[in-house]
Amino acid sequence: MYGERFGGTENISLPDTFMPDFHDKDAVLRMPYKTLGQTGLKISALSFGASSLGNVFRSTNETEGIEVVREALRQGINYIDVAPWYGHGLAEKVLGKALEGIPRTAYYIATKVGRYQPEVDRMFDFSAERTLQSVDESLQRMGLDYVDVIQVHDMEFAPNLDIIINETLPALRKLQQSGKARFIGITGYPLKNFRTVLEGSTIKIDTVLTYCRACIHDSGLRDYTPFLKEKGVGVINASPIAMGLLSNRGPPDWHPATKEIKDACAKAAVFCNDNGCDISRLAMAYTLGFPGVDSTLFSTASLENLRKNISSVYNPLSSKEEEILKEAIKRYIDPLTKCHWEGVEVEEYKRQLQGIHNQGSFKLG
């Protein structure tokens with residue numbers, strides 16, 4: 001498993017996004033590409049998440065962030081994922097600056113609808129009206145006429161999935177028919193929701209994006225990839241280091257994982273480090289070799305980290321690294337009683353929302 005490299009899909013020709021006056025041709029020829037579901041889009045095995053441009057994980061330097069985007073594209077990454085939620089519009093604005101002067105045919109852009117403001121009672125809106133408005137706002141921020149993929153953001157936070165099926169997705173279909181988006185996707189953390197929506201929707205769904213579900217600590221996506229492939233849906237897994245769980249630095253304070261998961265990943269990181277291995281590199285290799293995933297999405301606003309991640313594509317694990325990875329999983333991950341945190345964030349959101357409603361009721365009384 002750990003030694004598999006992209007299922008034999010290494011790139012042997014230049015993708016449609018190649019621009020000779022912009023790209024590093026040798027780098028593009030080295031980058032593996034896969035077709036994203038039935039879209040016909042040939043996307044890089046490693047894709048760029050622009051959340052970091054919105055200062056989501058830490059305060060970043062805008063100038064360096066812009067150069068990271070341009071360098072990522074030059075090196076053969078051709079799929080960029082963003083959302084209005086990231087920095088509440090900031091990530092899309094900075095991304096727009098980064099894309100200035102680059103031919104539109106040199107990249108694919110995916111953005112999202114449904115998640116917006118930091119205030120709990122203004123955070124989510126999956127209505128058709130807000131969905132249509134949101135895409136126009138995103139296009140304006142990025143200076144684009146269309147996006148390649150428009151996605152429903154974290155659909156588990158909707159009051160129910162019927163709203164996604166009957167209101168949000170039909171609105172996205174209208175946008176698709178108007179030429180503002182080429183393909184439609186859904187995103188979220190709970191995996192079972194993908195099956196529910198894909199089976200219940202009359203709108204064709206082209207892609208799914210989840211995160212932390214094809215990682216060292218949680219390979220739950222494996223149980224769903226056969227179904228997704230049967231449906232002809234492209235699959236993208238984000239955050240190979242599980243939002244910092246699989247790193248020497250560790251996760252941020254807000255990370256929703258349980259203490260059991262955090263402790264296990266921390267012990268695994270120490271074990272890897274003690275044996276001369278970087279758990280983040282092992283985690284990236286694990287996800288890059290995960291069967292059924294079309295692209296692995298990572299985010300950074302650092303040129304150094306960008307180059308490190310791209311290097312992971314070209315440099316497979318050594319036999320020693322593979323052995324350390326297997327042992328770390330056996331010692332610390334396999335004993336976990338539960339490897340995911342489905343429901344934790346949704347319940348906290350509902351709790352806070354109810355608190356606001358109760359406060360309002362008290363004031364009215």
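1. Accessible areas in this note come from the Shrake-Rupley method with a 1.4 Å probe, and for residues only the protein chains shown count as cover. On that basis the accessible surface of the chain comes to about 15,700 Å², and 48% of that surface belongs to carbon and sulfur atoms.

2. The structure is a predicted model, in which local features need pLDDT of at least 70 and side-chain atom pairs count only at pLDDT 80 or more, while totals for chains, interfaces and linings use all residues. Residues are numbered from 1 along each chain as its sequence is written, and side-chain values use heavy atoms, with hydrogens and water left out.

3. The chain contains twelve helices and ten strands, where helices (H or I, at least four residues) and strands (E, at least two) are DSSP runs numbered from the N terminus. Its radius of gyration, taken over C-alpha atoms, is 20 Å, close to the 21 Å that the globule rule (2.2 Å times the number of residues to the power 0.38) gives for 365 residues, so the chain is as compact as a globular protein of that length. Taken along the principal axes, the box filled by the C-alpha atoms is roughly 65 × 50 × 40 Å.

4. Of the 365 residues, 57% count as buried, a word that here means under 20% relative accessible area, with exposed meaning over 50% and partly exposed in between (1.4 Å probe, protein chains only). Where contact means heavy atoms within 4.5 Å, 75% of the contacts between residues at least 6 apart in sequence join residues at least 24 apart.

5. Just after α3, G101 takes a positive phi of about 85°.

6. H88 lies in the loop between β4 (79-81) and α3 and is partly exposed, with a relative accessible area of 38%. D154, by contrast, is found in the loop between β6 (147-152) and α5 (161-178), and at 7% relative accessibility it counts as buried.

7. H255 belongs to the loop between β9 (234-238) and α8 (259-274), and its relative accessibility of 4% makes it a buried residue. A polar atom of the H255 side chain lies 3.0 Å from the backbone oxygen of A242, which falls under the definition of a polar contact (a pair of N or O atoms within 3.5 Å; within protein, one must be able to donate a hydrogen and the other to accept it, and residues adjacent in sequence count only if both atoms are side-chain atoms). Not counting residues up to four places away in sequence, H255 touches A242, M243, L245, K262 and W341.

8. Which residues does L336 contact, leaving aside its neighbours within four places in sequence? They are H217, E260, I261 and A264. L336 itself is found in the loop between α11 (319-333) and α12 (344-364) and is buried, with a relative accessible area of 13%. Although L336 and I261 are 75 residues apart along the chain, their C-alpha atoms are separated by 7.1 Å.
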